[in-house]
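Subject: Structure handover

Hello,

Here is the structure you are taking over. My notes on its salt bridges and its RNA contacts follow below it.

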Amino acid sequence: MSRTLVKDALNAAAPMDAILLQGWVRTRRDAKGFSFIELNDGSGLKGIQIIANATLPNYGTEVAKAHTGASLEVRGKLVPSQGQGQKWEVVAEAITVLGEADATYPLQKKGHTLEFLREIAHLRPRSNLFGAVFRVRSRLAYAIHQFFQAKSFVYVHAPIITASDCEGAGELFRVTTLDPSHPPMTEDGHVDFKQDFFHKKAYLTVSGQLEAEIFACALSNVYTFGPTFRAENSNTSRHAAEFWMIEPEMAFCDLQGNMDLAEEFVKYLIRDAREHCAADLEFFSKFVDKELLSRLDFVLQRPFQRCSYTEAIEIITKSGKTWEHPVVWGDNLQSEHERFLGEEHFKCPVTVYNYPRTLKPFYMRVNEDGKTVRAMDLLVPGIGEIIGGSQREERLEVLRENMAHHKLNEKDYWWYLDLRRYGTVPHAGFGLGFERMLMFVTGVGNIRDVIPFARTPGTAEF
RNA sequence: UGCCCGGUAGCUCAGUGGCAGAGCAGGUGACUGUUAAUCACUUGGUCGCUGGUUCGAUCCCAGCCCGGGCAGCCA
């Protein structure tokens, strides 16, 4: 007999004379002469109710002692439930306890704090919340490919190990096979990376953008979707040292087209989760964030607001509010300003574009005013920036000037410059933080709780 | 990295300069249908670590460790 998933049993159209279920005990309730066992196999939020009669040969020795967490194999009949609260239940004819879980099993049928569950990341997927989070994560990963594939974007695998310190985006993780206590030295007393594995310094990637640009300048529309690493000592609820990022890159595309795609993409993912993860989202709406569903629907219903950096500064300074960090044109927007724009002023996702040139990396396209670049950040309520992107500088001479300004060595980027030497085209792209998107869709407030095994400063357990 | 908050039973938390507490979980028993079942009884502690003050510290003080929140960096 083949196994039936709990979710399929719960959706059965008719009773079944013979059914095989496998899963873990969520709770057992004993009555005189029989027990109720709620069995969950992760296929959905809801478990199925098993009726274990005392007439089962191993009832007294095993079944009635199966605690929360024990793994079971149940053979029996699927019948209409006599009780309230569920349509179907299984009357067991044989129950095998595959693995007992004793009293030290840390997960209870009671609620746990997220902080505690983080410490038992190997068991937390068995909880309602994390089962739901990771089902949504899986679904959205799939939806990302569907979205781009339907638009004929080509999926590109950008390298994870890189020798280029892309865009100078903060601290990088070094990749090396040198002996840290006795590295080879050069005559002038520095570590000799010529003797390292790649014959030069190497790092974990902080972005697949530059490689995506190469492929966009050949295949037109591409996207990457992979892990990304930042060695920043960030201790916030929305930063991780290892996270997943989606980076579309489009040739023959400007900032407008970039902003349009970002908005369409975010809305597509929300709509997909609404449709395909309905039960899980309702669970989040009930236990994590009461306003989740209304907020998601609100976001779907109207266009995102767009405002230039210059307009944003005006809105902030004319708001009459007192700021911890007052801003003038040329300053970075602080968290308090971004929150004000999204949560108070516009009350919906906002794309801020055309930032001062001095605030942004060398590859962003300089505007006609010479002072701003075609950058864009998408800010969403509750999280802040989930997308950062730009139109890229396609003019060779301007790009070289920018590189000189940022004190970058052209030799290190010879191939990047070649893209502008040979058949250069306007192009644009952005990066969407997958975990931040998941936080927005699930209402879960900490990035450590939407990734299976979070890597943050000082923490790489599991 | 900076500022702030916390660490007491397996979990969630209360509490006090003088015998260490509750709810849940676990155990035993009761109950013919429960839904985080219910009821009775019950096991369970290096009060984060180190040092100091004190007759006496889980409580007061200092340092350290760990967790969380916010800020910066960004996605």
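**Salt bridges and RNA contacts**

Lys267 is buried, with a relative accessible area of 12% (buried means under 20% relative accessible area, exposed over 50%, partly exposed in between, with a 1.4 Å probe and protein chains only). Glu263 is also buried, at 12%. These two residues form a salt bridge, with the closest N and O atoms 3.0 Å apart; the term stands for a side-chain nitrogen of Lys or Arg within 4 Å of a carboxyl oxygen of Asp or Glu. Because Glu263 and Lys267 are four residues apart in helix α5 (residues 255–276), about one helical turn separates them. Helices (H or I, at least four residues) and strands (E, at least two) are DSSP runs, numbered from the N terminus.

Salt bridges that share partners also join Glu213, Glu249, Arg392 and Arg420 into one network.

Before going on: this is a predicted model, in which local features need pLDDT of at least 70 and side-chain atom pairs count only at pLDDT 80 or more, while totals for chains, interfaces and linings use all residues. Residues are numbered from 1 along each chain as its sequence is written, chains are lettered from A and ligands numbered from 1 in the order in which they are written, and side-chain values use heavy atoms, leaving out hydrogens and water.

The structure holds 27 salt bridges in total. One of them pairs Arg135 with Asp280, at 3.1 Å between the closest N and O atoms. Arg135 lies in helix α3 (residues 128–150) and Asp280 in helix α6 (residues 278–287), so this pair ties together parts that are 145 residues apart in sequence. Both Arg135 and Asp280 are buried.

Glu213 and Arg392 meet in a salt bridge of 4.0 Å, N to O. That pair links distant parts of the chain, 179 residues apart: Glu213 is in helix α4 (residues 209–219), and Arg392 is in the loop between β15 (384–391) and α10 (396–405). Glu213 and Arg392 are both buried.

Now the RNA. Around RNA strand B there are 51 residues, of which Gln84, Lys110, Asn233, His239 and Ile386 come nearest; a residue is near a strand if one of its heavy atoms lies within 4 Å of it. Strand β15 gives the largest share of this surface, four residues.

A polar side-chain atom of Ser234 lies 2.5 Å from a base oxygen of RNA strand B. For Ser335, a backbone N or O atom lies 2.8 Å from a phosphate oxygen of RNA strand B.

Regards

Note on methods. A polar contact is a pair of N or O atoms within 3.5 Å; within protein, one must be able to donate a hydrogen and the other to accept it, and residues adjacent in sequence count only if both atoms are side-chain atoms.
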